[in-house]
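Please read each point with the structure in view.

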Amino acid sequence: MANNEPDFENMTDAEIADWQYAHRDELDEDLENAEEVEVEVVKPLSVTTSFRMSTDEASTLREAVKKSGLRDCWVIG
């Protein structure tokens with residue numbers, strides 16, 4: 001595939017899809033010639049949880065997080 005690819009950053013999703021469809025044979029060829037790499041899949045190190053609480057409970061939790069020094073680990077809004 002040539003290095004004269006369009007500026008995908010400034011294209012709409014539809015324009016990108018049209019470009020990819022028009023160049024599908026080249027893209028398939030590039031994929032067939034791609035170098036294989038080994039990857040190691042690891043479990044995620046974080047968990048995202050969402051729940052509702054009262055304003056008073058949220059204030060209490062925010063204060064506890066501040067006191068604990070774990071502010072960088074928690075986003076409470």
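**Notes on the predicted model**

1. Phe8 has a relative accessibility of 27% and therefore counts as partly exposed, since the buried class ends under 20% and the exposed class begins over 50%. The model is a predicted one, and the remarks below should be read accordingly.

2. The structure contains one aromatic pair. Phe8 and Trp19 form this pair in an edge-to-face arrangement, with 5.1 Å from centre to centre and 80° between the planes. The pair joins distant parts of the chain, as Phe8 belongs to the segment before α1 and Trp19 to helix α1, 11 residues apart.

3. Ile16 is another residue of helix α1, which covers residues 13-22. Its relative accessibility is 19%, so Ile16 counts as buried; the cut-off for that class is under 20%. Which residues does Ile16 contact, leaving aside its neighbours within four places in sequence? They are Phe8 and Met11.

4. Arg24 lies over the face of Tyr21, at 3.9 Å from the ring centre.

5. On the chain as a whole, three helices and zero strands are present, and the order along the sequence is α-α-α. Of the 77 residues, 6% are buried. The accessible surface amounts to about 7,800 Å², and carbon and sulfur atoms account for 49% of that area.

6. Helix α3 consists of 14 residues and spans 20 Å from its first C-alpha to its last, close to the 20 Å expected at 1.5 Å a residue. Gly69 follows α3 and has a positive phi, near 80°.

7. As to confidence, the chain has a mean pLDDT of 83, and 87% of its residues reach 70 or more. Where in the chain is confidence lowest, and where is it highest? The lowest value is found in helix α3 (residues 55-68), with a mean of 86, and the highest in α1, with 94. Helix α1 is also the element that holds Ile16 and Trp19.

How values were computed:
Residues numbered from 1 in each chain as written. Predicted model: local features only at pLDDT ≥ 70, side-chain atom pairs only at ≥ 80, totals over all residues. Heavy atoms only, no water. Helix = DSSP H or I, 4+ residues; strand = E, 2+ residues; numbered from the N terminus. Buried < 20%, exposed > 50% of the residue type's maximum accessible area, 1.4 Å probe, protein only. Contact = heavy atoms within 4.5 Å. pLDDT = per-residue confidence, 0-100. Areas by Shrake-Rupley, 256 points an atom, 1.4 Å probe, with all protein chains shown as cover. Expected span 1.5 Å × (residues − 1). Phe/Tyr/Trp six-rings, centres within 6.5 Å; stacked < 30°, edge-to-face > 60°. Lys NZ or Arg CZ within 6 Å of the ring centre and 35° of its normal.
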